[in-house]
Structure formats: C-alpha cells, structure tokens
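Please read it with the structure open.

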Amino acid sequence: MQAQLQHPGYPAARLQVAEEAVPCREAQAAALLALFGEPEHYSYPSLFLYGHRATGKSHVTLTLLRELQLPHAAVSCVECFSAGLLFEQVLGSLFGHEAVSQSLARYSSFSDFVRVFQQLSARSSLPRHTRYIVLDRAELLRDMDANLLPGFLRLQELVEDNVTVILLSEIVWEKFRPGTGCFEPLVLHFPDYSKAELQLILSQDPSPAYSPELYGTYINILLGVFFTVCRDLRELRHLAALNFPKFCEPLEKGEAKEGDTHKLWRNIEPHLKRAMQTVYLREVSSVQWERLQQQTEDSVTGGLRGLSAHAHVELPCHSKFLLIAAYLASYNPARTDRRFFLKHHGRIKKTNFLKKHEKTSNHLLGPKPFPLDRLLAIFYSIVDSRVAPSASIFAQISSLVTLQLLAQVGHDDQVDAPKYKCAVSLDFIRAVARTVGFDIVKYLYDFL
C-alpha cells in the first residue's frame, strides 16, 4: 500500500512505519502530521483530540511521536491526580528526571512550573525542536486548579519556547471551555471505527496454528453478533481472544474442516450468546471463562447459572431484596399485591379478579413500569427484618439503576413519582433469591 503520510521534514521510511502502525486512521494521522509541521519550526500551541473510548486517539498520537522520534511527554491525568505529580512527570519526561531532581526550585504551582520549564529549557543542549506534551484523560484537568487548563492551552506563550500541548479526551471541547474564556485549541475528531475497519484491524492478529482466512471468517462472525451492541475495539479484541479456541474445537476434534463454516458457526453460537451478557461487565476472569469452555454443555450451563449470582454476592442484603421486589412489581399485576403480601386479604373471586389482558403471561409481555411507593411496599413485605425507611434504602435503589439492574422510565422532571422497570431475567433473579433463601416462584402470578 502506497504511503499516505508524506512530509518533507521526516524520512519516508519512518512515515511508512508509522502509517502501517495506525491502520484505518491514516486521515487523522495525516492531519496531525500537517499540524506538527517541520520539527524545528513552531507548531500550533495546543491541540484537542476527542472521540469515544478505543478510537485510536492515544495510539495514533504516540505512534507518530515515537516513530518520528519527536521529543514528547505522555502523561495520564488519572495517574497524575495532583498538579505537583503532573508537573514532575512532564518535566522529567522532557528534560530527564535527574535534571528535575537537581533543580532547587519547587513546582507546587503553575507559575513555578513555568519558571522551572524555562530554566531547564535554557540549560538543555538538545536541538530546539518542538516539544510535545500529551495529556490523556484531559477532562480530569477541570477538577484541578482553575488556572491549570487555561495555562496548558497557552503554555507556548508563557514559557516562550517551542512547545505544543495535546489534550486527549472522550468528551467534546464545549464541555471544557471555561466561562471566563481561554485560548482555543485546534480540534480534531476521531470517529468510531466502522464494521469494515474493525474487521480489518482485528484480522491482523491471526493465530499461527490456523490460516488467516479462517481467522478472518471468525472475526466476521464475531462482529455479526457483537457489532450492534459494542464498538469498543478493546472489548472486541478481548472477546475474540477468549472465544477463538471454542470456534476451533471442531477442527481439533476432526469433526469439521476450515471450509465448513456452518458447523463452526453452530458450535460457537451458544457461547457467543452467553458472552453477550458479559460485554462491558466482566462477571468472570479470562481463566475462569476458558475453564468453563472446556466443560460439557450441561456443566457449562449450570456453571454460568451459578455464576450469574456471583455478581450479586457482594451486593448488600437489602439491595437483593429490593431487586426481588422490583421483579415482582414488574411481572405481577398490581391487583395481586394484596393476595400475595397481605395475610388477611379476604376471599377473592378468580373470575373477576383479573382483567382479560392481565390473564396473559406477564413474562411473555415483558416487564411493566411500577411506581416507587409500590416497590417499597413489596420490599417491606418480603424483607425478613424490620427496616426503617432511610436514605440508605433510596441510595441502594439508585445504585441498582446505575448497575442497570433497574431501569428508570419516564421524564427526568418527574421527581415526585419516579417509575422503574426490572431489567433482569427469571434465571437471574432466581439465582439472586437463592442467596437470601427466598422462593420467588411462590410469589409470581404466572406460576400459580
């Protein structure tokens, strides 16, 4: 493939290596290279690169800087959670940690950082090429000192040196801009990978034991299942590595050949469906998953059912009862609450007890929304011990929503009467109920 990265200031061989290392990101790499300009010339003071997680922002930027041998400092704002750590890491990467430790000045404030930067830059014997400071997860700068973000955006002007700051973030620039105004960086967007691009990238890591064509077929099957729910390259690469041994199992047993795509698909289909339940939520480690894949189909199914409760063992006891109450409220008609949870509910006629549409299986119709007061009423009826209403109970409801075990429905402005839906399956809630010794089937109208 002919190199698209062309710049007279850099050797063609390095440009070729850099281009091969950033597949499907040639356009963004070419734009960055044009913004870098000549190594000895002044570049733009600050650049802002944004896009979703795993879209190549850090990889493309650091690959260009590394392959072109440009002086740079790559800093994660997660690791450098304070201004002092951030300054020390930047200065140490650019000028050497020994030079920074020998400096008598302390850099606890941004003005001290600028002064030490000027001193170390004046002492440096290296060519005065553009120095690059890459700040990953730059949105965390907004939680630090108020002058930190505006200062980095115009650092080139403050230190009077050839330096460019590159901010990497998953959110748009409009969420960064301070109300008092600041220097506007050049903004470059990294879009999500398309399905064809993901196919090309993931197919570049074939197994040495099998042909690249077979691995390409496997990646095509994997993306056909997961692309609608997951565009994250890291997650897809993890899923591809975990499930490929199961895909090749018929080949190892001699039951199929590489061209028998239908047999290979039938073998891997149930395992990919189970893997969909753990996308973005790792219930098991890679070692546990591989151990389960080696068992028989019956033991795998039983193991995964027991494993579904594993994610909830660490939940508080009241959170489990809240989740059980939410499931009962979602799948039981409201008229049945009196029958299930009142000891002296009186005699109820079966003929007039439910409306016609309520006689259909609620598990076929799906979960229905319920108000908060009904959830709490069922919760206080089924919980073993006496629980006083407190902020802790409401906080646990919010936690269940955050974990996507409950789904809040309705508009956000309905603060007085929020409604919820339970977002777990029957097998899921039965596994949770077993951990607290609650027989949930006895309280479900569909199983009477």
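**Notes on the strands**

1. E7 and strand E8 (residues 419–422) pair in the antiparallel sense, over four bridges. Strands (E, at least two residues) and helices (H or I, at least four) are DSSP runs numbered from the N terminus. Two strands pair if DSSP finds at least two bridges between them. Ala-407 stands opposite Lys-421 in E8.

2. This is a predicted model: local features need pLDDT of at least 70, side-chain atom pairs count only at pLDDT 80 or more, and totals for chains, interfaces and linings use all residues. Residues are numbered from 1 along each chain as its sequence is written, and side-chain values use heavy atoms, with hydrogens and water left out.

3. The open sheet here has three strands, in the order E6-E8-E7, with antiparallel pairing. Its edge strands are E6 (370–371) and E7 (406–409), each pairing on one side only.

4. Now strand E1 (residues 46–50). Five of its five residues are buried, so E1 is largely enclosed by the rest of the structure. Buried means under 20% relative accessible area (1.4 Å probe, protein chains only). Ser-46, Phe-48 and Tyr-50 point one way; Leu-47 and Leu-49 point the other. In a regular strand the side chains alternate between the two faces of the sheet.

5. Which strands does E1 run parallel to? One is E4 (residues 163–169), joined to E1 by five bridges. Leu-47 stands opposite Ile-166 there. Another is E5 (residues 186–189), joined by four bridges. In E5, Val-187 is the bridge partner of Phe-48.

6. For the whole protein, the secondary structure comes to 22 helices and eight strands. Buried residues make up 45% of the 448 residues.

Technical notes. Buried < 20%, exposed > 50% of the residue type's maximum accessible area, 1.4 Å probe, protein only.
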